[in-house]
Amino acid sequence: AGLLPIVTSHYRQHPAGLWSPRSPSAKGAASAVLFHRLEAHFGAQFKDICRQTLSGILWSYMSEAIEAGDGLSARTLYWQALRAYPRGLVQGRGRNASVAWLRIHFPAFYKSLRGKAA
């Protein structure tokens, strides 16, 4: 693994692909395996960046699960992202994490709040 200062690939989503059709939970599980292996391989020096990156990826899959109406997967991915990098809640997600928690744990209440705000 390494960092190249140029774009070397392009991400495409389509139903015939091998990754895009997977559920958010399946993508999250595969990503967790990958980043745990990277962390084990590279050791303590890259532990923080591996966990921070994994948390961000899990967070994106949580958002995907919310949009798909898969509350169980969204809740699971939320807590996995938080466990992977707890500081992410403080360092960048703050309010978004609170809103996501409310949205996935109390969807009817969240919808009623959104209705009043509109």
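Colleague: What covers the buried residues of H1 in this model?
Modeller: The cover includes H2 and helix H3 (71–84). Keep in mind that the model is predicted.

Colleague: Which residues of H1 are buried?
Modeller: Start with the cut-off: buried means under 20% relative accessible area. In H1 that gives Pro24, Lys27, Gly28, Ser31, Ala32, Phe35 and Glu39. Viewed down the axis of H1, these residues fall within an arc of 135°, so they line one face of the helix.

Colleague: And which residues are exposed on the other side of H1?
Modeller: Exposed means over 50%. Arg37, Ala40 and His41 are exposed there.

Colleague: Let me try single residues. Is Lys27 buried or exposed?
Modeller: Lys27 is buried, because its relative accessible area is 0%. This residue sits in helix H1.

Colleague: What is Lys27 in contact with?
Modeller: Contact means heavy atoms within 4.5 Å. Set aside the neighbours within four places in sequence. Lys27 is then in contact with Trp19, Ser20, Arg22, Tyr61 and Glu64.

Colleague: Why does Phe35 count as buried?
Modeller: Its relative accessibility is 13%, and the cut-off is 20%. Phe35 also belongs to helix H1. Leaving out residues up to four places away in sequence, Phe35 touches Cys50, Thr53, Leu54 and Ile57.

Colleague: How many residues lie between Phe35 and Gln52 in sequence terms, and what is their separation in space?
Modeller: They are 17 residues apart in sequence. In space, C-alpha to C-alpha, they are 10.0 Å apart.

Colleague: What about Leu38: where does it lie?
Modeller: Leu38 is in helix H1 too. With a relative accessible area of 23%, Leu38 is partly exposed. Its C-alpha is 9.9 Å from that of Arg51, which is 13 residues away along the chain.

Colleague: Now H2. How does its span compare with what it should be?
Modeller: Apply the 1.5 Å rule again. H2 has 21 residues (residues 47–67) and should span 30 Å. Its end C-alpha atoms are 30 Å apart, which agrees. Just after H2, Gly69 has a positive phi of about 75°.

Colleague: Which residues of H2 are buried?
Modeller: They are Cys50, Leu54, Ser55, Leu58, Trp59, Tyr61, Met62, Ala65 and Ile66.

Colleague: How do I read the way H1 and H2 pack?
Modeller: Look at the axes. Those of H1 and H2 come within 9 Å and cross at roughly 175°. Angles over 145 count as roughly antiparallel, so H1 is roughly antiparallel to H2. Among the residues that make this contact are Lys27, Phe35 and Leu38 of H1 and Leu54, Ile57 and Tyr61 of H2.

Colleague: And what angle do H2 and H3 cross at?
Modeller: Roughly 165°, with axes that come within 8 Å. That makes H2 roughly antiparallel to H3. The crossing is left-handed. The contact includes Leu58, Trp59 and Met62 of H2, along with Leu77, Tyr78 and Ala81 of H3.

Colleague: Which residues of H3 are buried?
Modeller: Ser73, Ala74, Leu77, Tyr78, Ala81 and Ala84. They cover an arc of only 135° around the axis, which puts them on the same side of H3. The face turned away from that buried side carries the exposed residues Leu72 and Arg83.

Colleague: How far does H3 reach?
Modeller: H3 has 14 residues and reaches 20 Å from its first C-alpha to its last. That is close to the 20 Å expected at 1.5 Å a residue.

Colleague: Step back to the whole protein. How many helices and strands does it have?
Modeller: Five helices and zero strands. From the N terminus on, the order is α-α-α-α-α.

Colleague: What share of the residues is buried?
Modeller: Buried residues make up 25% of the 118 residues.

Colleague: And what part of the contacts joins residues 24 or more positions apart?
Modeller: Take the contacts with a separation of 6 or more. Residues 24 or more positions apart account for 46% of them.

Methods. Residues are numbered from 1 along each chain as its sequence is written. This is a predicted model: local features need pLDDT of at least 70, side-chain atom pairs count only at pLDDT 80 or more; totals for chains, interfaces and linings use all residues. Side-chain values use heavy atoms; hydrogens and water are left out. Helices (H or I, at least four residues) and strands (E, at least two) are DSSP runs, numbered from the N terminus. The expected span of a helix is 1.5 Å times one less than its number of residues. Buried means under 20% relative accessible area, exposed over 50%, partly exposed in between (1.4 Å probe, protein chains only). The arc is that of the directions from the helix axis to the C-beta atoms. Axes are lines fitted to C-alpha atoms, for helices over the stretch in contact, and angles run from 0 to 180 degrees between N-to-C directions. Angles under 35 degrees count as roughly parallel, over 145 as roughly antiparallel, 65 to 115 as roughly perpendicular and the rest as oblique. A crossing is left-handed if the near helix is turned anticlockwise from the far one by less than a right angle, and right-handed if clockwise.
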